[in-house]
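Good morning, and thank you for coming.

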Amino acid sequence: MAWVLKMDEVIESGLVHDFDASLSGIGQELGAGAYSMSDVLALPIFKQEDSSLPLDDETKNPPFQYVMCAATSPAVKLHDETLTYLNQGQSYEIRMLDNRKVGDMPEITGKLVKSIIRVVFHDRRLQYTEHQQLEGWKWNRPGDRLLDLDIPMSVGIIDTRTNPSQLNAVEFLWDPAKRTSAFIQVHCISTEFTPRKHGGEKGVPFRIQVDTFKQNENGEYTDHLHSASCQIKVFKPKGADRKQKTDREKMEKRTAHEKEKYQPSYDTTILTECSPWPDTPTAYVNNGPSAAPTFTSPQQSTCSVPDSNSSSPNHQGDGVPQTSGEQLQPSATTQETQQWLLKNRFSSYTRLFSNFSGADLLKLTKEDLVQICGAADGIRLYNSLKSRSVRPRLTIYVCQEQPGSTALQGQQPAVGQGAENGSGTPYVYHAIYLEEMVASEVARKLALVFNIPFHQINQVYRQGPTGIHILVSDQMVQNFQDESCFLFSTVKVENSGGIHIILK
């Protein structure tokens, strides 16, 4: 028994000695010279442990991957987004790759998906004014598109479509199970959207974005699946090659320490995941052409009744609901704000302000709106938000004479003296605001305020001395005194069904 205990002590002392020796060895290796944590983490033991870790359930691979066959710039710092130079009009391949694992998204297995490729602005300031920028480009380049598909070179794309109103987008269907490559051509260059033409290096960056959708229950490709984009600059033909060479030569002149701060140049550009483009995808149905848009004709203004008893500058009688002159309230919801923008002719900015409530929009300063919408629309939107209406050029007060009235024949009752008609009812006047000093404006405003069909008014007369009727002309309106008061009556015209209006 004693011999066994002695053997245990010998074994234990030997193990302790070996363990101490191993620790001292580690200390010598790490303490003898400088070391970095990256070297330690690169040891095989850490790699094995890392590879053996279970993947997080929340970390999922994107269903698709898009790779553009164009080299990235070497002059991009670490942790910055890659930048790719393209030549204007040259065809570049975008490979549409199915990145799903077995069992992922079984609902699209064996089915087609739709992808929309866009060239958009990278600069947020230009994104705010995208519509105006593209309209200006269209004006300078009639008949051209910003983005085209090179269909003969493309592989696996089906039913390609381009919308004439969207010059910067193309769309097509494709089968994720088959090899698919879309060759694109960008026709705009970066310097076309700069205030001063400096050349390609000073041009604005663009983005190539791909949004992919699947079919919904109605067969329309509107259910979003995946979006990815990359940053590009577009040069005149062969300009991208020269720029790439210049960047490469600059990097070669840098020291090894400086080169560590920059990304290497890759032969291809991988589009990184991003949020979907905010445009609502158009109805894209397989079993037939899309329905043509329908337009609702405006209501006739001749039968409309004004909301108030005055024809103010905001009540133009143009056949739209009279809420177009209403002020936007801070309590307005996002939907009500969208309706207000549409009614006040700011439809091109509804997408931009899609998440703005009334309070959000009212908080923007004049400078903010000018920067977002441009000078013209920015000032107009600011004035509309502050309800700055145009001051009328002339104001007159008009009262309709009741049938059978015998008091004050041929005379105008004095204002403020409680004048009454023959039935003892006081005369009630309506304010007419004229923005144009013409006779037709007088007739139109009278028709609007007093609910008279405008097309039935033949002539407007003014009763003169001894009861004569004088035709109201543009020159007479221009000589009306501001805030003049008139009674008016209507006289039916024989054999025509129309009426004459007589101002007294």
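**Salt bridges and a helix**

At 13% relative accessibility, E93 counts as buried, where buried means under 20% relative accessible area, exposed over 50% and partly exposed in between, with a 1.4 Å probe and protein chains only. This is a predicted model, in which local features need pLDDT of at least 70, side-chain atom pairs count only at pLDDT 80 or more, and totals for chains, interfaces and linings use all residues. Residues are numbered from 1 along each chain as its sequence is written, and side-chain values use heavy atoms, with hydrogens and water left out.

E93 forms a salt bridge with R95, their closest N and O atoms being 3.5 Å apart; the term requires a side-chain nitrogen of Lys or Arg within 4 Å of a carboxyl oxygen of Asp or Glu. R95 is partly exposed, at 37% relative accessibility. The whole structure holds 13 salt bridges.

Another of these joins R118 and D211, at 2.8 Å from N to O. R118 belongs to strand β4 (residues 113–121) and D211 to strand β9 (residues 206–215), so the pair ties together parts 93 residues apart in sequence. Strands (E, at least two residues) and helices (H or I, at least four) are DSSP runs, numbered from the N terminus. Both R118 and D211 are buried.

Let us turn to helix α6. Which of its residues are buried? They are G239, A240, K243, Q244, D247 and M251. Seen down the axis of α6, they fall within an arc of 135 degrees, taken from the directions from the axis to the C-beta atoms, so they line one face of the helix. On the other side, R242 and E252 are exposed.
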